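This report concerns the charged side-chain pairs of a protein model and the contact between its chains.

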Amino acid sequence: MVKIIRNFASFFNLSSRREDPGSPHRIFKTLVFHIRPRMVAERTLRFTLTFGLGGTAVVLVTLQLFTGILLKFAYEPFPVQAYDSLTRLQAGLAFGQFIRNIHFWSANFLVGVLFLHGLRVFFTGAFRPPRRVNWIVGLSLFVLVLAANLTGYLLPWDQLAYWATTICLGMLEYIPGIGQRLQQWVMGGPQLGPATLRNFFALHTAVLPVVIVALMTYHFWKTRKAGGLVVPHSPLEVPEEKPAMVPSHPNLLLREAAVALSAIAFVLTVALLFDAPLGLPANPGLSPNPTKAPWYFAGVQEMLVHFHPTFALLIVLAFALAAFSLLPYLGGSAGSTGVWFISAIGRRTAVAGAVASGLITPLAVILDEAVVDFAGWMPGWPPEISNGLIPAALFIGLLAGVTIAIKKAFRAPRPETVQALVVFLVVMFVMLTIICAIFRGESMALRWPGI
Amino acid sequence: MNPKKPKPTAVRIETPTPSGGGVSRRSFFNFLWGALGLAALAELVWVAFSFLSPGKRSAGDQPANAVVSAGAVESFPPGTVEAFQRGQFYLVRLDGGGFLALSCKCTHLGCTVPWVAKEKKFLCPCHASSFDITGNVTAAPAPRALDVFPVTIENNIVKVDTSRRIKRSGFEAKQVTYPPKG
């Protein structure tokens, strides 16, 4: 028996270097400490530094892989069979509905958790050197997870899936230059059909999981290389040369386990209580009214109501992605790290940015809905100008105005100003998402929810 | 990362360069390996992309029923719109008696636009674009008029070629097909 354990131990390179090499406890610890650090800076353990968001994301991805593999045994990637296989899964298979619920809810939570994780990293300054590259890796992971969500959204092949995917892929057409070819390539033909489902299935169940897991590994490795989490120090404090370290076991590992178990318990509870939606089978001849994109793309869909698609895409995709990727290079160097919102001025400007955006965004949406009609006011002009260039110019003017106002009113240094602008944009995007997802009813008209 | 830590210096094996002053054999072969590697990578990418592209359909793959026979001219009263689910188009007979086959896909993001007879317009449920009976945009965000398919009238039968989608910015009289007089 001892011999077997010893042989088993050699899998983990434990051999007989230390006393009691065969103890299962040691095996576990050596394996864990190959992945997790042995020592961590004491000040990074505080829950309010991270809120355990990155760890929660890892847990959710693990749940996705586990339930996804199970679902793959029951799913058929062909237009009509797909829907039937889902109804069979839900009605006939033991825990079928439950497994699908976990997969559905954990996918949705993952988008939210990653969004918050990104905000946490930004607002605690953890995107600054030496973590610049890792910030971009994280952004890429977020985009990949969105892609995984979108490709998974089509698979049930119900009305919701079919039409939400139709309008999401319809956006591709407006990417200048390559749009139409890209759209054809993704769809696998001129319109959404069996080829699209085949492509999405392959992307969703093979390409994206592999790429995401590979990039996650790189993300963690880069975090280790940067010396772990960002160690908090306030503006007046000189950063410690060697922060106080404590052993990871039990300090870090127990905290991680608590976060992981809470996350799992939460997802399982939601999955028990609420079923993942499954609408009527897809009908290419009938768009439901209203047709909405999945909620994480509702902000983009809301922009499409107000801007010409080319400009909505340019603003949202090109501008936002470029701006967020360049943040570590443009943000200036702050006096603090690991402190929420940089400084006292930073906290005030962030609140100002949030309040300004919270007031301006709904006002602008209502104004555009009720009063503004550039296309009607400028008959004869191409829509690219009346519905595209002019609102886009107004939007950029608004951003410039907000930046200058905050800089002047608070005498804010550069990092605080950039931060306020990011707060402004993030709150705007969240508001647009809420407006589209909740406040738009039939024919995408604005209405009070529930009426 | 850590500037204090000296980087290990690589051991270089010096190879004699030919006295002529040209490229050494070693660097030439290194270059050759690199170039071959890049070529192999390019081939791999090219093969993968060609495999994944939607593909050039051969003539045999064209659906035989791309031309839809909609029906006799008289069966469509002027000023009406008839939906053809299979071909994904609307056959419109204008008040002047001419025919127009409109694609039922919204030019904004591709939703199917239903014809609302009461209001005499096509109303998109996705982003509230609307189009008049000729397919012209009457409310944004749709950027251009509904696409049309060519209509021909043979032996009093209206036929629509659904394989040829024609994009247009707006309605023009020449897009209308009239039944032969007499």
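In this predicted model, the side chains of Arg144(B) and Asp147(B) form a salt bridge with an N to O distance of 2.7 Å. Arg144(B) and Asp147(B) are both buried. Over all chains, the count of salt bridges comes to eleven. Four of them are listed below.

| Salt bridge | N to O distance |
|---|---|
| Arg144(B) and Asp147(B) | 2.7 Å |
| Lys159(B) and Glu154(B) | 3.4 Å |
| Glu172(B) and Lys174(B) | 3.4 Å |
| Lys167(B) and Glu173(A) | 3.8 Å |

In the pair of Lys159(B) and Glu154(B), Lys159(B) has a relative accessible area of 22% and is therefore partly exposed. Glu154(B) is also partly exposed, at 41% relative accessibility. In the salt bridge between Glu172(B) and Lys174(B), Glu172(B) is partly exposed at 38% relative accessibility, whereas Lys174(B), at 71%, counts as exposed because the cut-off for that class is over 50%.

Salt bridges with shared partners also link Arg144(B), Asp147(B), Arg165(B), Lys167(B) and Glu173(A) into one network.

The contact between the two chains involves 32 residues of chain A and 24 residues of chain B. The area buried between chain B and chain A is about 2,200 Å², with 55% contributed by carbon and sulfur atoms. Two salt bridges are counted between chain B and chain A, and the side chains of Lys167(B) and Glu173(A) meet in a salt bridge at 3.8 Å. Five residue pairs are in polar contact across this interface, both residues being at pLDDT 80 or more. On the side of chain B that touches chain A, eleven residues are nonpolar, eight polar and five charged.

Notes: Residues numbered from 1 in each chain as written. Chains lettered and ligands numbered in written order. Predicted model: local features only at pLDDT ≥ 70, side-chain atom pairs only at ≥ 80, totals over all residues. Heavy atoms only, no water. Contact = heavy atoms within 4.5 Å. Buried area = accessible area lost by both parts, 1.4 Å probe. Salt bridge = Lys/Arg side-chain N within 4 Å of Asp/Glu carboxyl O. Polar contact = N/O pair within 3.5 Å; in protein donor to acceptor, adjacent residues only side chain to side chain. Nonpolar A, V, L, I, M, F, W, Y, C, P; charged D, E, K, R; others polar. Buried < 20%, exposed > 50% of the residue type's maximum accessible area, 1.4 Å probe, protein only.
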